[in-house]
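The structure is shown below.

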Amino acid sequence: MKLTNHQLTIIEETLVLNGVVYDDIKLELIDHIASEIEEKLNDEKSSFEVIFDEVLEKWKPELQPSFSGLIGFTNPKIMTVKCHKIVKRQLFTVIAISSLITLSLMLFVRNSNSELVITNSQGVLRSFVLVEFCLVILAWGLIWKSKIQTTYSYLMKKKSFGLILFLFMIGIGGFPVRLNHPDAKIAFVTVFFAITYVLITGIYLQLAYKHLQFKKKLSISNA
């Protein structure tokens, strides 16, 4: 038995009252809950209201406020888990790749013994960072303008200020990348942080793409 539009609206409104305001999570939950209700309506001689209360009670733990060390407090738990998985996977990937690139770059530059190579490397990095900075500003504007809310836009808004500020500082030389610093530890740290933020920016832009992709699919399905 298919649910009516009115019944689907009741499910949506109940989820919003329980803190599920991000559209990708909300649509996913509506689909799961509606499927369970439809199955029970076919098998049991009960009203929609009774079965909805039963199904909602089953999903209650996923709707409770929760905490993640990587995300902070997020409501509800189902969103926290999704955001935590995204950030955790990306964080480990970024750290590993940043370490490898930093070591390779430092070995290359220090073995070249050429000031021109060092200057060019730093110039290329700063130019690349400024391009990323402009792309982030563009993505940030599109996300804030969007009326659709997703877990991707949530993560972007949560991390946007620090990322934009640090990219700007690297781009203008406010955060110096000291490839040729005599202390290898200082050289490694400055290069590592710069590369890390370059990679995080790529992830940030990927989140923007996923948000816009979801927005496009939603507009097509509502057309």
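This is a predicted model: local features need pLDDT of at least 70, side-chain atom pairs count only at pLDDT 80 or more; totals for chains, interfaces and linings use all residues.

How many aromatic pairs are there by the distance rule, with ring centres within 6.5 Å? The count comes to seven aromatic pairs. A pair of aromatic rings is described by the distance of the centres and the angle of the planes. Two of the pairs are listed here with these values.

| Pair | Centre to centre | Angle between planes | Class |
|---|---|---|---|
| Phe48 and Phe52 | 5.6 Å | 10 degrees | stacked |
| Phe133 and Phe168 | 5.6 Å | 45 degrees | tilted |

Phe48 and Phe52 are four residues apart in helix H3, so about one helical turn separates them. Phe48 is buried, at a relative accessible area of 5%, and Phe52 is buried too, at 6%.

The tilted pair of Phe133 and Phe168 joins two helices: Phe133 lies in H5 (residues 115-145) and Phe168 in H6 (residues 151-172), so parts 35 residues apart in sequence are tied together. Phe133 counts as buried, with 17% relative accessible area, whereas Phe168 is partly exposed at 36%.

Two further items involve aromatic residues. One aromatic cluster is formed by Phe188, Phe192 and Phe193. The charged end of Lys157 sits over the ring of Trp144, at 4.5 Å from the ring centre.

Helix H3 itself runs over residues 48-59; its 12 residues should span 16 Å at 1.5 Å a residue, and the end C-alpha atoms are 16 Å apart, which agrees. Its buried residues are Phe48, Ile51, Phe52, Val55, Leu56 and Trp59. These residues cover an arc of only 135 degrees around the axis, and therefore lie on the same side of H3.

Terms used. Residues are numbered from 1 along each chain as its sequence is written. Side-chain values use heavy atoms; hydrogens and water are left out. The expected span of a helix is 1.5 Å times one less than its number of residues. Buried means under 20% relative accessible area, exposed over 50%, partly exposed in between (1.4 Å probe, protein chains only). The arc is that of the directions from the helix axis to the C-beta atoms. Rings of Phe, Tyr and Trp (its six-membered ring) pair if their centres lie within 6.5 Å; planes under 30 degrees apart count as stacked, over 60 as edge-to-face and the rest as tilted. A charge sits over a ring if NZ of Lys or CZ of Arg is within 6 Å of the ring centre and within 35 degrees of the ring normal.
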